[in-house]
Amino acid sequence: PAKVSNKAGTVTFAMAGPNSRTTQVFVKLGDNRATLDGQGFTPFGEVIQGMDRIASVDMEYGDGPPSGAGPNQAAIADIGNPYLEEHFPRLDYVKTARVMQ
């Protein structure tokens, strides 16, 4: 069971069920405790500075298919940045991140 709740600013691995976590992570923009805590999404980090920048990320493209018109994860894995640059020219990128201890 999760020992930390999915509150705003926490960082969690994405998953599609048991044993499906890979390298994709997301930052919660709001309080998702009610929906994510019971599904096995366990935060492993927290934004301690710069949450205002995270909140200003361009959200115009939305989620990827099938629930949105955003980037297709398979195309990102297969083609990488050229796919993103061609189809999502205003996409924001994280340029740096540090692990704080």
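Strand E1 (residues 10-13) is joined to E3 by two bridges, and the pair runs antiparallel. Strands are DSSP runs of at least two residues, helices (H or I) runs of at least four, both numbered from the N terminus. Two strands pair if DSSP finds at least two bridges between them. The model is predicted: local features need pLDDT of at least 70, side-chain atom pairs count only at pLDDT 80 or more, and totals for chains, interfaces and linings use all residues. Residues are numbered from 1 along each chain as its sequence is written, and side-chain values use heavy atoms, with hydrogens and water left out.

The open sheet has three strands in the order E2-E1-E3, with antiparallel pairing. E2 and strand E3 (45-46) stand at the edges; each has a single partner strand, so one side of each is left without a neighbour in the sheet.

Now look at Thr-10, in strand E1. Thr-10 stands opposite Glu-46 in E3. Buried or exposed? Thr-10 counts as buried because its relative accessibility is 1% (buried is under 20% relative accessible area, exposed over 50%, partly exposed in between, with a 1.4 Å probe and protein chains only). Beyond its neighbours within four places in sequence, Thr-10 is in contact (heavy atoms within 4.5 Å) with residues including Phe-26, Val-27, Gly-45 and Glu-46. A polar atom of the Thr-10 side chain lies 2.8 Å from the backbone oxygen of Lys-7.

Leu-29 lies in the loop between strand E2 (25-27) and helix H1 (33-36). Leu-29 is partly exposed, at 46% relative accessible area.

Notes
A polar contact is a pair of N or O atoms within 3.5 Å; within protein, one must be able to donate a hydrogen and the other to accept it, and residues adjacent in sequence count only if both atoms are side-chain atoms.
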